[in-house]
Amino acid sequence: MTKYHRAIYPKKALGQHFLKDFSIAQKIAATISCCPSLPVLEIGPGSGILTRFLLENKRDLKVVEIDSESVHYLKRHYPELNGRIIEEDFLSLDLDSQFPESFCVIGNYPYSISSQILFKVLAHKNRIPCCTGMLQKEVAERLASLPGKKSYGIITVLLQAWYTIEYLFTVEPEVFDPPPQVKSAVIRMIRNSRTELECDEVLFQTLVKTAFNQRRKTMRNSLKVLLGKDNPLFNHPIFNQRPEQLSVEEFIELTRMIQDQ
């Protein structure tokens, strides 16, 4: 494996693939230009290639990095980050103490935990109006998918209930060190205008997960475990469809129907 910037080795155990194309890093940094006044949290800066452009764009930046070697490199090469490097795992980080007000999230996310990262963003949706970054192309397609596609699933519905998600561009493996086995893609999530779900949010999540766990079945068959096999609600035509055919709004409507019963 080649040494990166003569200072850091990408670590397989941490899922590190260091971006080495400066033009792509610059494009990613620009994806949060929609919220120019908000502070930014970069997840997993690694060698700092994205960090460089965020600093050049004069963003109020903090970074969270679990790799001590990367932290040492960042401190040496980016003295502007002094006091703004959080040496922790993002998934266990107390975001409320770090960011009492609204902020943006950006990063080149490790493939193995990208969904966990996005669900943590979702848990703080009222203070994260914008989340952008790079992840596995397949996951990016799933996030931005429309109803009726095979890529449409649990994470699609749960995130699109609160965010408008754009698939921005594809990134080829050869621009990384080491090259991953799959293509990557950059997405942007912008908080929509919804202030409440207008249904029981826990029931909504349970309904979505239960339906997609048996996605080849109709809603009638997949939800028998929740509603019982002879529930009169099953006479409604919505239960003739499969989960990937239902929009976010239809899942919300279905949740309300079950609540009302």
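**Cores, a central strand and a covered helix**

In this predicted model, Phe204 touches Val157, Leu158, Ala161, Leu197, Cys199, Val248, Phe251, Ile252 and Thr255, leaving aside residues up to four places away in sequence. Phe204 belongs to the largest nonpolar core, which has 54 residues. Phe204, Phe239, Phe251 and Leu254 have the most contacts inside this core. Helix H11, residues 248-260, gives the most to it, with six residues. A second core is separate and holds 30 residues. Among them are Ile28, Leu50, Val71 and Ile85.

Helix H2 spans residues 49-56 and is mostly covered. Six of its eight residues are buried. These are Ile49, Leu50, Thr51, Phe53, Leu54 and Leu55. Leu50 is also one of the residues of the second core. Lys58 follows H2, and its phi is positive, near 60 degrees.

Strand S9, residues 184-191, is mostly covered as well. Seven of its eight residues are buried. S9 is joined to strand S6 (residues 130-136) by seven bridges, and the two run antiparallel. In this pairing, Leu135 stands opposite Ala185 of S9. Eight bridges join S9 to strand S7 (residues 163-171), again in antiparallel fashion. Here Glu166 stands opposite Arg188 of S9.

Definitions and conventions: Residues numbered from 1 in each chain as written. Predicted model: local features only at pLDDT ≥ 70, side-chain atom pairs only at ≥ 80, totals over all residues. Heavy atoms only, no water. Buried < 20%, exposed > 50% of the residue type's maximum accessible area, 1.4 Å probe, protein only. Helix = DSSP H or I, 4+ residues; strand = E, 2+ residues; numbered from the N terminus. Pairing = 2+ DSSP bridges. Core = buried A, V, L, I, M, F, W, Y, C linked by side-chain atoms within 4.5 Å. Contact = heavy atoms within 4.5 Å.
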